[in-house]
Amino acid sequence: MKSIENINTKISEGTAVVWTASEFKKHIRAGETITPGDVDVVTCGTFGVMSGTAAVLAFQAAPAGSFTHAHSLTLNGVPAHIGPCPNESNGHVDAIVYGTAQSDRPGYGGGHLFADLVAGKSVEAVIETDTGTITKPITLADMSSAKMIVTRGAFKNYMAFVNPGEEEVSTIFSVLPMQGNMREATFSGCGEINPLENDPELRYHTPGTAALVNGAPGIILGTGTRTSAAKPNLSLAADMREMDPNLMGGFKMIAGCECLTSVATAIPVTDSAAIAALSVLDEHIPLPVANVANRTAFDTATYADAWSGDARIHAVPDNCKTPDCIRCRDLCPREAIRPDLTITKSCMGCLTCVAVCPDHVFSAETGTLRTISGDIPIVLRQSDRVRGELAALLLRSRIRAGNWKLGGVL
Ligand code: SF4
Ligand code: SF4
């Protein structure tokens, strides 16, 4: 058995063997026997809609004495919660912004705001105070503090949702109204590369352990809200100044905007129990299939079904014969389709354009849930395994460079 201290020494000396979870699974799928002598650290990642993300922001709104209290704040139209500090008469504003907060600008929410700030964009702050309204542009660099808190993230696994009823329904799990009679499914979760799938007992996801949140070094605070032994999740925090806008963002759904967040963690390979946990594959991970109307699971697929399709979309703009419909551009949750119908790097492979285009301009193998009830085609992914993998690669690079320490400190 290796100790975490042994592995930390190897990391600092630049001799640690570090793989991503995907690299580890390739060895397992090849039928190789992996021992703790083969690898020291495995990095895992996940990216997707994480509704429990919020930012705690603070900045100087006006010179001290300009107002006694700020009463309300919006940033690019996204409402913030003033406080908790009262900041009486000092001109400073502290505020909490929810990742799910909706702007008065259509298709823009807290997740979009966070990514814009991290990308260095200027946003419009409107502060209502007891002495009047202050409107000013503000950037992340202007803020005295900008921390992100994830209250519920990196769920070990999620559910797929279907609509067994006759009528279509609009839900927070769909971009379009969900068709009835279980004609389509939506799902979340990165399956075998998710951090907690590879450490289901949370041996190495303890309070104070370092983690990447949206590409920035942060810490695990503990388990998140609604955690359970069967479906644990994490609460985390990190400084927004070091985040990567490509590893976070907003996602436009039928019921409003959601917040995209990424988490990457490192698992020390100390013993055979760690190897056993890391050997989990998509085909071993159940994906409960639930009725979207009551959130009750009644069937089960696997993450191998969920991720059997193409991670990205192929577009043939010349196939568009009805350009005035613009359904693809209106409905893309990431606003990733250009006027010439090419796809930008904001795409997260959610499959919406494949589902909505009448001229089949966009194509991908979408994957099918194979359940006792029958085969159900997937029409929406709320997670992106490409970016989950990117987060794991970023963490692997940091550890290989000696820039990481394993183990909880709290
Ligand atoms: S898959 Fe299509 S709809 Fe989804 S983000 Fe990419 S371009 Fe937009
Ligand atoms: S949805 Fe299809 S047909 Fe409509 S504008 Fe987009 S590419 Fe053209």
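So, a salt bridge here is a side-chain nitrogen of Lys or Arg within 4 Å of a carboxyl oxygen of Asp or Glu. By that rule, this structure has 13 salt bridges. Before I go through some of them, a word on the source: this is a predicted model, where local features need pLDDT of at least 70, side-chain atom pairs count only at pLDDT 80 or more, and totals for chains, interfaces and linings use all residues. Residues are numbered from 1 along each chain as its sequence is written, chains are lettered from A and ligands numbered from 1 in the order in which they are written, and side-chain values use heavy atoms, with hydrogens and water left out.

Okay, salt bridges. I'll also say "buried" a lot, and by that I mean under 20% relative accessible area, with exposed being over 50% and partly exposed in between, using a 1.4 Å probe and protein chains only.

Take Asp384 and Arg387: their side chains meet in a salt bridge, at 2.8 Å from N to O. Buried or exposed, what is Asp384? Asp384 is buried, at 1% relative accessible area, and Arg387 is buried too, at 2%.

Now look at Asp239 and Arg241. Their closest N and O atoms are 3.8 Å apart, and that counts as a salt bridge. Here Asp239 is partly exposed at 22%, and Arg241 is partly exposed at 39%. There's also a network of salt bridges that links Lys2, Lys10 and Asp40.

Asp116 and Lys121 form a salt bridge, 3.2 Å from N to O. Asp116 is buried at 16%, while Lys121 is partly exposed at 47%. Asp116 is one of the buried residues of α3. When I say helix, I mean a DSSP run of H or I with at least four residues, and a strand is a run of E with at least two, numbered from the N terminus.

After α3 comes Gly120, with a positive phi near 90°.

Let's move on to strands. In β15, residues 249–253, five of the five residues are buried, so this strand is also largely enclosed by the rest of the structure. β15 and β16 form a hairpin with two residues between them. The two strands pair in the antiparallel sense over five bridges; for strands to pair, DSSP has to find at least two bridges between them. One example is Lys252, whose bridge partner in β16 is Cys257.

Staying in β16, which covers residues 256–268, we find Val263. Val263 is buried, with a relative accessible area of 0%. What does Val263 touch, leaving out residues up to four places away in sequence? The list includes Cys44, Met50, Ala154, Pro195 and Leu236, where contact means heavy atoms within 4.5 Å.

Most residues other than glycine have a negative phi, and most peptide bonds are trans. Asn76 isn't a glycine, and yet its phi is positive, near 50°. Asn76 sits in the loop between β4 (70–75) and β5, and it is buried at 7%. Arg226 also has a positive phi, about 65°, without being a glycine. You'll find Arg226 in the loop between β13 (216–223) and β14 (234–239), where it is exposed at 62%. And the peptide bond from Gly83 to Pro84 is cis, with omega near 15°. Pro84 lies in the loop between β5 (78–82) and β6 (92–98).

Last stop, ligand 2. Which residues are around it? They include Cys320, Cys325, Cys328 and Cys357, along with Thr322, Asp359 and Phe362; a residue gets in if one of its heavy atoms lies within 4 Å of the molecule. The shell divides into ten nonpolar, one polar and one charged. In that sorting, Ala, Val, Leu, Ile, Met, Phe, Trp, Tyr, Cys and Pro count as nonpolar, Asp, Glu, Lys and Arg as charged, and the others, Gly among them, as polar.

That's my tour, thanks.
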